[in-house]
Amino acid sequence: MSAIGPKESSREMMTQLENKGIKTSTCIVRKSPTPSSYIIQSRATGSRTIISNTTIEDITRDEFARKFEAEKFTETPISGSERKVPFQWIHFEGRNVEQAGDVVFFSKLFAERRGYNHPVDFLRAMRLHCKLRAALYCTWGSDGAACLQPSGEEIHAAAPQLSQVRDSVGAGDTFIGGVIATLLQGMSYLSSLEFACKLATCKVAQQGFDGLAEAMTIKNKNNLMSCANTTGSTNICVSKTE
């Protein structure tokens, strides 16, 4: 779900998303142009500078609620008035985490801007501001990521060693997608953390996202996966990255 610009100017983008299996029926059309970003990337280091341009109005709470309710009635009834839950997971790109989500994601940049130089220290501080018994994740670049489980136990996963960074754009989103996919499969927090670190490393090792799933291979009986090209009830989720 996203606010997008006029249908005519957004048609090609929406078609590409649909071709990738991403449903766009919940998007909300605005008169303002679709938000865009210009990415300047260093060929030598893989680092990038992102210049974002958006004047579009964010989706309101009422608009979200209407779209969510409408989607319920597009599903085929199971029996009588019973219907399938349209979403297994709802993910918000948010800036206010207080009492917000069952799973919350933070970035290294977000933590460092608040004076933290270690993910676990940061997550323990943020625990006081988040929903009780929420699972908190924080990515830490080449040092992997950490998770503070609902029990309060902290866990860490290292990122696989990588000989060359080719494209880091979208690595954080890839990590989040890896966590969501594995938790929905019933995997443990540790397994989800390890899988997501490896998936994000696969992303960094290649240009774009095409073929990313194929770059992952089953490694062991615990369903942990590794990169082929490297070395070495509805849940509510909030991502806070800036």
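Tutor: The chain exposes about 14700 Å², of which carbon and sulfur atoms supply 51% (Shrake-Rupley areas with a 1.4 Å probe; for residues, only the protein chains shown count as cover). The model is predicted, so to speak of local features requires pLDDT of at least 70 and side-chain atom pairs require pLDDT 80 or more, whereas totals for chains, interfaces and linings use all residues. Numbering starts from 1 along each chain as its sequence is written, and side-chain values use heavy atoms, without hydrogens and water.

The chain has 6 helices and 14 strands (DSSP runs numbered from the N terminus: H or I of at least four residues, and E of at least two). Of its 242 residues, 38% are buried (under 20% relative accessible area; exposed is over 50%, partly exposed in between, with a 1.4 Å probe and protein chains only).

The structure holds 6 salt bridges (a side-chain nitrogen of Lys or Arg within 4 Å of a carboxyl oxygen of Asp or Glu). One of them joins E8 to R11, with the closest N and O atoms 3.0 Å apart. Both residues belong to helix 1 (residues 7–19), where 3 residues, about one turn of the helix, separate them. E8 counts as exposed because its relative accessibility is 62%, while R11, at 44%, counts as partly exposed.

Another pair is made by the side chains of K131 and D102, with an N to O distance of 2.7 Å.

R124 forms a salt bridge with E154, in which the closest N and O atoms are 2.8 Å apart. Because R124 lies in helix 4 and E154 in strand 11, the pair ties together parts that are 30 residues apart in sequence. R124 is partly exposed, with a relative accessible area of 41%; E154 is likewise partly exposed, at 40%.

The interior gives these pairs their context. In soluble globular proteins, nonpolar side chains tend to be buried together. The largest nonpolar core here has 18 residues, and V103, F105, Y137, F175, V179, L183 and L193 have the most contacts inside it (such a core joins buried Ala, Val, Leu, Ile, Met, Phe, Trp, Tyr and Cys residues through side-chain atoms within 4.5 Å). Among the elements that give two or more residues to this core are strand 8 (103–106), strand 9 (135–139) and strand 11 (154–157), along with helix 6. Helix 5 gives the most, with 5 residues. A second, separate core of 15 residues includes F110, A134, L136 and L148.

K31 is exposed, with a relative accessible area of 85%. The C-alpha atoms of K31 and P6 are separated by 5.5 Å, although these residues are 25 residues apart along the chain.
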